[in-house]
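Let's walk through this model together, one contact at a time. Have the structure open as you read.

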Amino acid sequence: MSLDSFNHKKDKEMRESYETTLKDNKKDAVAFLKNISRKEVERKRSVTFSLTESQLKKMDTAAQKNGFKNRSEFLASIIDAI
């Protein structure tokens, strides 16, 4: 959706921009995941947010593949890598 949702040209430009960004991020994701390491330093605090089922499955798969106990630990490591 563009800022002017009734402007089809802007909608097309936004869609193309998102598609380009997503393609670029997929290439960078592999390199990004290699820089993630396990560490527990400070006290943890619970938070709540929403993800889709497919996102949760991807997180579970990536967490298991990279040697994490669970997706929560994996997500914490991703945030630390930012």
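Predicted model: local features only at pLDDT ≥ 70, side-chain atom pairs only at ≥ 80, totals over all residues.

K69 and E73 form a salt bridge, with their closest N and O atoms 3.8 Å apart; the term covers a side-chain nitrogen of Lys or Arg within 4 Å of a carboxyl oxygen of Asp or Glu.

Residues are numbered from 1 along each chain as its sequence is written, and side-chain values use heavy atoms, leaving out hydrogens and water.

How many salt bridges does a search of the whole structure find? There are 2. Side chains of opposite charge can pair when their charged atoms come close. In the salt bridge between D60 and R71, the N to O distance is 2.9 Å. This pair links distant parts of the chain, 11 residues apart, with D60 in helix α2 and R71 in helix α3 (residues 71-81). Helices are DSSP runs of H or I with at least four residues, numbered from the N terminus. D60 is partly exposed, at 34% relative accessibility, and R71 is also partly exposed, at 34%.

Now turn to S54, which lies in helix α2 (residues 53-65). Its side chain makes a polar contact with the side chain of T52 at 3.2 Å. A polar contact is a pair of N or O atoms within 3.5 Å; within protein, one must be able to donate a hydrogen and the other to accept it, and residues adjacent in sequence count only if both atoms are side-chain atoms. S54 is partly exposed, with a relative accessible area of 44%.

Aromatic rings come next. The whole structure holds 1 aromatic pair. The ring centres of F68 and F74 are 5.3 Å apart and their planes lie at 65°, so the pair is edge-to-face. Rings of Phe, Tyr and Trp (its six-membered ring) pair if their centres lie within 6.5 Å, and planes under 30 degrees apart count as stacked, over 60 as edge-to-face and the rest as tilted. Both F68 and F74 are buried.

Finally, a look at confidence. The chain has a mean pLDDT (the predictor's confidence in each residue, from 0 to 100) of 77, and 66% of its residues reach 70 or more. Confidence is highest in α2, at 92, and lowest in helix α1 (residues 8-34), at a mean of 69.

Key. Helix = DSSP H or I, 4+ residues; strand = E, 2+ residues; numbered from the N terminus. Buried < 20%, exposed > 50% of the residue type's maximum accessible area, 1.4 Å probe, protein only.
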